[in-house]
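Then read on for a guided walk through its parts.

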Amino acid sequence: MILRAARDLFASEGYEGVSMRKVAEMAGCAPATIYSFFPNKRRLLHQIWEEVFQELTEALRSSYEKDADLEKLCLIYLDFWLDRPDDYRAIFLTQDRQMAGSDDAGYFVDGSEALSGLDIFIVALSEAQARGDIRPGDPVEMRSVLFCAMHGVALGLVTIPEYNWGDPTHLKTNTVHALMQGMRRTD
């Protein structure tokens, strides 16, 4: 109940608008109960962050084990966020800030077990390169290109839904297809 309440509040009010007291009120418990699990709201957000990324990496891994297709992997990634706009807002529209004088050293991305699951993209890119499907290059850099483009689509559709983006399915599939075309071998 605490995590669900916190997810909803982070998505609707942003990090600055959330207090442990608000989370407790929404979860129907005392603030002391939350503090017994999470010493501060940053740790609470970090727990949500880890759980969501764990769910994402499980979905990616499962998909890739069934069908080792890079383009489908990208669409699974995009669909995950588009199907969960509140999680997208809570995670990507909240800047991770280290707290001065806290034992919360490091950013969420530093040493995240769940985030390491996104290495499936490096595997997929490397395998596509080995098959000759895409051009040679640094798979880590290529993954970053994929993420930037996919997040552009997700950010637009999630945060500016009133804009006429056209058919969301066409937008995401055309973007991913264009990315794949850009990575194809040219020789």
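This predicted model has nine helices and zero strands. Read from the N terminus, its elements simply go α-α-α-α-α-α-α-α-α. The C-alpha trace spans about 65 × 40 × 30 Å along its principal axes. There are 187 residues in the protein, and 41% of them count as buried. If you look at contacts between residues at least 6 apart in sequence, 70% of these join residues at least 24 apart. The protein exposes about 10000 Å², with carbon and sulfur atoms supplying 53% of that.

**Helix α8 and its neighbours**

Let's start with α8, which covers residues 139-159. Its 21 residues reach 29 Å from the first C-alpha to the last, close to the 30 Å expected at 1.5 Å a residue. At its start, a side-chain oxygen of D138 comes to within 3.0 Å of the backbone nitrogen of V140.

Which residues of α8 are buried? Among them are M142, R143, L146, F147, M150, V153, A154, L157 and V158. Some of that spacing makes sense if you remember one rule: an α-helix has 3.6 residues a turn, so residues three or four places apart point the same way. And what do the buried residues of α8 pack against? The partners are α5 (70-82), α6 (85-92), α7 (120-131) and α9 (168-183).

Now over to α5. This helix has 13 residues and reaches 18 Å from first C-alpha to last, close to the 18 Å expected at 1.5 Å a residue. Its buried residues are L70, L73, C74, L75, Y77, L78, F80 and W81, and they pack against α4, α6, α7, α8 and α9. The start of α5 has a contact of its own: a side-chain oxygen of D69 reaches to within 3.0 Å of the backbone nitrogen of E71.

In α6, the buried residues are D87, Y88, A90 and I91. What covers them includes α1 (2-13), α4 (41-66), α5 and α8. F92 is also found in α6, but F92 is partly exposed because its relative accessible area is 31%. Together with L93 and L155, F92 makes a nonpolar surface patch of about 240 Å².

**A buried arginine**

Is R143 buried or exposed? R143 counts as buried, because its relative accessibility is 16% and the cut-off for buried is under 20%. Not counting residues up to four places away in sequence, R143 touches L118, D119, F121, I122 and L125. The R143 side chain also reaches the backbone oxygen of L118 at 3.4 Å.

With D119, the side chain of R143 forms a salt bridge at 2.9 Å, N to O. This pair links distant parts of the chain, with R143 in helix α8 and D119 in the loop between α6 and α7, 24 residues apart. D119 is partly exposed, with a relative accessible area of 36%.

How many salt bridges does a search of the whole structure find? It finds ten. Here are some of them:

| Salt bridge | Distance, N to O |
|---|---|
| E55 and R84 | 2.5 Å |
| R84 and D87 | 2.9 Å |
| R143 and D119 | 2.9 Å |

Look at the E55 and R84 pair, whose side chains meet at 2.5 Å. E55 lies in helix α4 and R84 in the loop between α5 and α6, so the pair ties together parts that are 29 residues apart in sequence. Both ends are partly exposed: E55 has 32% relative accessibility, and R84 has a relative accessible area of 21%. D87, another partner of R84, counts as buried at 6% relative accessibility.

**Out at a serine**

One last stop is S36, in helix α3 (residues 31-37). Why does S36 count as exposed? Because its relative accessibility is 56%, and the cut-off for exposed is over 50%. The S36 side chain reaches the backbone oxygen of T33 at 2.5 Å.

Technical notes
Residues are numbered from 1 along each chain as its sequence is written. This is a predicted model: local features need pLDDT of at least 70, side-chain atom pairs count only at pLDDT 80 or more; totals for chains, interfaces and linings use all residues. Side-chain values use heavy atoms; hydrogens and water are left out. Helices (H or I, at least four residues) and strands (E, at least two) are DSSP runs, numbered from the N terminus. Buried means under 20% relative accessible area, exposed over 50%, partly exposed in between (1.4 Å probe, protein chains only). A polar contact is a pair of N or O atoms within 3.5 Å; within protein, one must be able to donate a hydrogen and the other to accept it, and residues adjacent in sequence count only if both atoms are side-chain atoms. Contact means heavy atoms within 4.5 Å. The expected span of a helix is 1.5 Å times one less than its number of residues. Patches are made of residues with over 30% relative accessible area and no salt bridge: like charges are joined within 9 Å, nonpolar side chains (Val, Leu, Ile, Met, Phe, Trp, Tyr) within 5 Å. Accessible areas come from the Shrake-Rupley method with a 1.4 Å probe; for residues, only the protein chains shown count as cover. A salt bridge is a side-chain nitrogen of Lys or Arg within 4 Å of a carboxyl oxygen of Asp or Glu.
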